[in-house]
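Here's a quick tour of a few spots worth a look in the viewer.

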Amino acid sequence: LDASHTTLTYDTLRFGEFEDFPETSEPVWILGKEFNALTEKEEILSDVTSRLWFTYRKNFQPIGGTGPTSDTGWGCMLRCGQMILGEALVCRHLGRDWRWVRGQKQKEEYISILNAFIDKKDSYYSIHQIAQMGVGEGKSIGQWYGPNTVAQVLKKLAMFDSWSRLVVHVAMDNTVVIEEIKRLCMPWLDFGGACAEPEGAGELNGCLEGACALAEEETALWKPLVLLIPLRLGLSDINEAYIETLKQCFMLPQSLGVIGGKPNSAHYFIGYVGEELIYLDPHTTQPAVEPYEDGQVPDETYHCQHPPCRMHICELDPSIAAVGTTRVLSCNRGGLPMFELVDSQPSHMVSVDVLNLTPDFSDSDRLERFFDSEDEEFEILSL
């Protein structure tokens, strides 16, 4: 889509219209929730509408002061990354069952979440922050991202969000290492066997004496995890043996969805019905939004108020990236496992320190070659 792409609005589409949604008895799954398409159409649309919908925007502050004022034509994968992280923040601060209602006064937490994505340089997860942080990943401002770049950038930006305290982890080599996740989400633990005092443990939990007490209290201190797992489920087309496994990802209560696609055509997949995937499409250009003086945000354009898009599951690019924390994904029934889940890091894997992409990492050449060659080949599935 070029910069002259028409700006669309949905004023003429009434809430609850579902004329193009299939009349089917098959269950509809959206981010871990099951619906009946015959009897719960309004509930389905309400759930879809409540997801944060980030699209191309125009007339925002120039990125970097002198850069683009619109991301039309290059920002679709960045917007999909925003949608996955936005869903994570909604679940974190409002809960999965929270619903957006048009014209209704919103909770402060919701306003804070939305402000984190407003198209301004000082918003935590704005297009400005993502684009400029991507320069360190070898992507110039205005260049199309692959999902690996988005994943690495979101990982870095989340570190500055002290309110949400999210841990974003990118699991490489089709392998999720439980020990790595524990180190990230419970950094006060000494995994060599010693027992350490978590910083601020006394304030967080009066009865907690130290990390040895975490058997009962660890959930109070566990940092919320967003796990991104780049995968490839076939060569030129998706291997049908993975289809049932992929569907099960949308059935998990931890699901944040899937992002992926080919250059210039990324989508945010949030569920499925039958053999069709349900997704939100960022390829609509809307004017940039300016918050009111009191901090409130005119938010109607951040919610997709029309029936969701669908595509046949076999049309999905075979390269995806998954986000999850349970063994269900790896050891599922009725399909090939999509990735390996191990307790500790295999000897053949690159060290986690290298994958942190710090400025002085030792294997920069290998990582640069990996991301250059693989970046456009992956989609991200989030749980």
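## Ground rules and a buried leucine

A residue counts as buried when its relative accessible area is under 20%, and as exposed when that figure is over 50%. Keep in mind that this is a predicted model.

With that cut-off, leucine 31 is clearly buried, because its relative accessibility is 1%. You'll find leucine 31 in the loop between β1 (27–30) and β2 (33–36). Its backbone is worth a check too: leucine 31 has a positive phi of about 45°, and it is not a glycine.

For context, most residues other than glycine have a negative phi.

Asparagine 59 counts as exposed because its relative accessibility is 62%.

## One face of a helix

Which residues of helix α6 (residues 178–185) are buried? They are Ile178, Glu180, Ile181 and Cys185. Looking down the axis of α6, these buried residues fall within an arc of 160°, so they line one face of the helix. There's some simple geometry to recall here: an α-helix has 3.6 residues a turn, so residues three or four places apart point the same way.

Valine 176 belongs to strand β5 (residues 175–177). At 2% relative accessibility, valine 176 is another buried residue.

## A nonpolar patch on the surface

Now over to the outside. Tyr124, Met159 and Phe160 form a nonpolar surface patch, and together they have about 360 Å² of accessible area.

Take methionine 159 from that trio. Methionine 159 lies in the loop between α5 (147–158) and β4 (167–170). With a relative accessible area of 60%, methionine 159 is exposed.

## Cysteines, but no disulfides

How many disulfides turn up in a search of the whole structure? The search finds zero. As a reminder, a disulfide is a covalent bond between the sulfur atoms of two cysteines.

Cysteine 91 is partly exposed, at 29% relative accessibility, whereas cysteine 185 is buried at 0%. Cysteine 185 is also one of the buried residues of α6.

Terms used. Residues numbered from 1 in each chain as written. Predicted model: local features only at pLDDT ≥ 70, side-chain atom pairs only at ≥ 80, totals over all residues. Heavy atoms only, no water. Buried < 20%, exposed > 50% of the residue type's maximum accessible area, 1.4 Å probe, protein only. Helix = DSSP H or I, 4+ residues; strand = E, 2+ residues; numbered from the N terminus. Arc of directions from axis to C-beta. Patch = residues over 30% accessible without salt bridge, like charges linked within 9 Å, V, L, I, M, F, W, Y side chains within 5 Å. Areas by Shrake-Rupley, 256 points an atom, 1.4 Å probe, with all protein chains shown as cover. Salt bridge = Lys/Arg side-chain N within 4 Å of Asp/Glu carboxyl O. Disulfide = S-S within 2.5 Å.
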